[in-house]
Amino acid sequence: MKDLYLVAITAMIFIVIFQIAKASEYVSVLKGEEKSRKQNNKINAFLMIAFLILGFIGAWYCNELYFGKTLFPQGSASVEGEKIDEMLYITTAVTGLVFIITQTLLFWFAYKYQEQDGKKAFYFPHNNKLELIWTTVPAIFLTVLVVFGLKFWFRITADAPKEAIVVEITGHQFAWDMRYPGVDNKLGKKNYKLYNKPSGNTLAVDFADPDSHDDLHTTEMHLPVGKPVKLVINAQDVIHDVGLSHFRLKMDAVPGIPTTMWFTPKYTTEEMKKRTGNPNFVYEISCDQMCGKGHFSMRGVIVVETEEQYNKWLSEQKPEYLTLHPEKDPSKAKENQATTDTTAKQQVVAQMIKP
Amino acid sequence: MDTVAAHESAMHDAHAHDHHDHHHQETFISKYIFSMDHKMIARQFLITGIIWAIIGGLFSVIFRLQLGDPNATYPWLEDFLGHWAKGGKLNPEFYYALVTMHGTILVFFVLTAGLSGTFANFLIPLQIGARDMASPMLNMLSYWFFFLASVIMMSSLFVQTGPASGGWTIYPPLSALGEASSGSKIGMDLWLVSMSFFIVSSLLGGLNYITTVLNLRTKGMSMTRMPLTVWALFFTAVLGVLSFPVLLSGAILLLFDRNLGTSFYLSDIIVAGKVLPNEGGSAILFQHLFWFLGHPEVYIILLPAMGMSSEILSVNSRKPIFGYMAMVGSLFAITILAFLVWAHHMFVTGLNPFLGSVFVLLTLLIAVPSAIKVFNWLTTIWKGNIRFTPGMLFAIGFVSLFISGGLTGIFLGNSALDVHLHDTYFVIAHFHIVMGVASFFGMYAGVYHWFPKMFGRYLNNTLAYIHFWVTIIGAYLIFWPMHYEGLAGMPRRYYDFSNWESFKQFGELNQFISLVALIVFAVQILFVINFFYSIFKGRKVTTLNPWGANTLEWTTPIRPGHGNWPGELPEVHRWPYDYAKDGKEFIAQDVPVGADESKH
């Protein structure tokens, strides 16, 4: 019933506006069409300048309201991201200036040069000097932006430092899985045809490769602060994207074509809680490439911690090879089967994310 | 050359003949349905485009309801959408279908077919002094292929598994695998088939526009005397003819992957627990094929709006367009560069960084011709004697939006910033302002300006003023704050943000945006009412040249018949921008040059 009222009210408003508009047409005929046209011209010219002023006030107000809610007041959480922030500020300054000048000229001219009786427009079809100026000046500004941009771009996309920690991240509908290379610092080979859900080999690791035997499979990413980390990015089904907005980076995860990205986290999760004043702060991995109905819920978590905490966490993880092949586990004999490995792992993870 | 000339004169004769007795011959079907008159075909494109715009706009309102308040339920939605909105809450799959169809409809069916189809058809022959298109038959087929594409796309909305839902960019593997998404079942096949017909329509139209501009200009109408609208529509057609076939090939390969077991785009895939046999394909290949059209497509949408705004700004400032040759040159530069920037949509796909840097350079280069255009528009209105007709208001609005949206392109075209901003709301804000709303403004400017020529009546001015002011304020209120969401990394194509610690702070803002979107949509409906009402009941046009414009379309009768000019074709003696020259308010193109006239 409420909906029906709403529809009726909307229809009424439409009819009223329409009738007023229709009536204004008759009024203008009575008043003399030329006269009413001139009146409308004045009103619209005034609205032009009003729109300009209110628009600038609105843009300022919007900045007051929302700048604090972007990630920029806290600064980039990665060393490399600082460059991106810098680039953003440079670009904002340049484009902001152009924006203010051009919008002001546009609406101010519209107001100032509104039609007036007896005034003639100025015949001014071209002026090569002027045109040359506004071809070269933007070209110079853009060159500056390109130079800065490419300098940062090549730094971000350069090879990761040799000492970087390698973590593999695999996207699939609709979650992320991580793989750490273990003590040998080498990730075991993968072959997507070995995927086998019942046996638990959901990452399609080729366990015939001995490098895989100490690899760790986790659902949460832990990273030590201040150490470069290189992500090796995979997807199993459709294209996903590892979006790390706090670190200012993202990279697609494409089935069949592994990609990489590296960065150096600057602050631990605990430090970020203080920096942002948000006790629930957490580094989130968002999927930034449309991947199906659960796209919006494809969330991953990164815990950045001190090196000791990180090493402790690593040592608590059990290689996936041993989880899937318990008969090969040398420690298994000592342990009773009171708790299964997976629940033990979950408990550890739960402890780690508790503040 | 001889044959062309002979054909041309034969055609003119045929049309001249046609004109004298067409009133007796034409039936309802040949006049309104299978018409070969370019003006009728233009109206068909326009009205079909408006219907699509209402549908596409409505979809955005429905998904904005979801974004505005993810927890609300709307029982009436279930009445309309059935199992897609159980309990009045939009199903995520259908949300994605709406997003996909909103993009597809507005980019292709409204702003390509509805814009180019309408104004290229209507204006090219009228402004270059031709009786019709080079091939009226192909022109008619162009509309009917578009109609067929429309019917198929529309029917995909009613299939059990829903329409395509992988985004308007339909990236495989998502769009290739029915197991990955229910929208990638039959809905996706219908999408691809519909788009194939759409491309055929666009190619038939484009070839016709190019041929007409090159061959059917009236006596004295050299290329450099053509109005900027015609130049813009000409370059648009060139862009379409050279880039749409690439999308067609991409779409056909995708159809093969979907239905014939090929592996063009597929490799190493595990979907729904099943290991697929496909190996050796590349999902990125599709993105190259798609964006090779996809980026020129942006300019296919923008150029007609630029051309029409140039014309309308000049007419209503009562001043020549500033820097005509620079305007043509910058259109040409944009056309060339449009083919060389496609990979800036792919900076984060793992693209070779060096290749990326080349695309950064070429992308930012486009800002130069764009800047020239903006400064020339500003100089055009400088020291003018401006009449704020509804067309003029929208043309000024177009320039404002083009500046705002163009400048954010400088952020996104720079790969170092794109790694943060890619696929966030910053992108949504950027392209909606610069190619969505700005092109709509160009289109509205064109409709308000040429409505008197199309239908022999005026639109209601008061409604037009309301339409303009609410739309421009609303457009900025909707899209300006989205930049901030994008800076925070808020990803696009999310159904619900409330579970994200990083993005949920924008809940109230999303609600506000949805509310404004609803109002702006309502005002567009007001325009549609004004449009259809005025076709039949609008104030009648009583003078030949109501805006005091120089171009040839205003030398035709108020309601021109098929063939456009009842007698001889007009002869052109000057460029179309002799406003305020030698103390005269305007000098139409068909006025011979006086002996004492100054040169420009």
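# A tour of chains A and B

Select A:Phe99 to begin. This residue has 18 C-beta neighbours inside 10 Å, so A:Phe99 counts as partly exposed; the buried class would need 20 or more. The model on your screen is predicted.

**Around A:Phe99**

Show the cartoon and you will see that A:Phe99 belongs to helix H3 of chain A, residues 79-112. Which residues does A:Phe99 touch, not counting residues up to four places away in sequence? They are B:Ile403, B:Ser404 and B:Leu407. Next, pick A:Val183, which is 84 residues from A:Phe99 along the chain. The C-alpha atoms of A:Phe99 and A:Val183 are separated by 54 Å.

**Across to chain B**

Now select the residues where the two chains meet. Chain B contributes 104 residues to the contact and chain A contributes 100 residues. On the side of chain B that touches chain A, helix H16 of chain B (residues 461-487) supplies the largest share, with 11 residues. Colour that side of chain B by class: 64 residues are nonpolar, 28 polar and 12 charged.

Then show chain B by itself. It has 17 helices and two strands. Its C-alpha trace spans about 80 × 55 × 50 Å along the principal axes. For 600 residues, a compact globule would have a radius of gyration near 25 Å, and chain B, with 24 Å, agrees with that. Buried residues account for 63% of the 600 residues in chain B. Take the contacts in chain B between residues at least 6 apart in sequence: 79% of them join residues at least 24 apart.

**The two domains of chain A**

Domain 1 covers 73-114 + 128-158, and domain 2 covers 165-328 + 344-353. How far apart do the C-alpha centres of domain 1 and domain 2 of chain A lie? They lie 37 Å apart. Nine residues of domain 1 of chain A are in contact with 12 residues of domain 2 of chain A. On the domain 1 side, three of these residues are nonpolar, four polar and two charged.

**The sheet in chain A**

Select strands E4, E10, E9, E6 and E7 of chain A; in that order, these five strands form an open sheet with mixed pairing. Strand E4 (221-224) and strand E7 (249-253) of chain A stand at the edges with a single partner strand each, so one side of each has no neighbour in the sheet. From one strand to the next, the twist averages 25 degrees.

E4(A) runs parallel to strand E10 of chain A (residues 299-305), and four bridges join them. To find one of the paired positions, pick A:Met221, whose bridge partner in E10(A) is A:Ile302.

Move on to strand E9 of chain A, residues 283-287. Four of its five residues are buried, so strand E9 is largely enclosed by the rest of the structure. E9(A) pairs with E10(A) in the antiparallel sense over four bridges, and A:Ile285 has A:Gly300 as its bridge partner in E10(A). E9(A) is also joined by two bridges to strand E6 of chain A (residues 240-244), and these two strands run antiparallel. Finish by selecting A:Gly243 together with A:Ser286, its bridge partner in E9(A).

Methods:
Residues numbered from 1 in each chain as written. Chains lettered and ligands numbered in written order. Predicted model: local features only at pLDDT ≥ 70, side-chain atom pairs only at ≥ 80, totals over all residues. Rg over C-alpha atoms; globule rule 2.2 N^0.38 Å. Buried ≥ 20, exposed ≤ 12 C-beta atoms within 10 Å, placed from the backbone. Contact = placed C-beta atoms within 7 Å. Nonpolar A, V, L, I, M, F, W, Y, C, P; charged D, E, K, R; others polar. Pairing = 2+ DSSP bridges. Axes fitted to C-alpha atoms, helices over the stretch in contact; angles between N-to-C directions. Domains from an automatic or database assignment.
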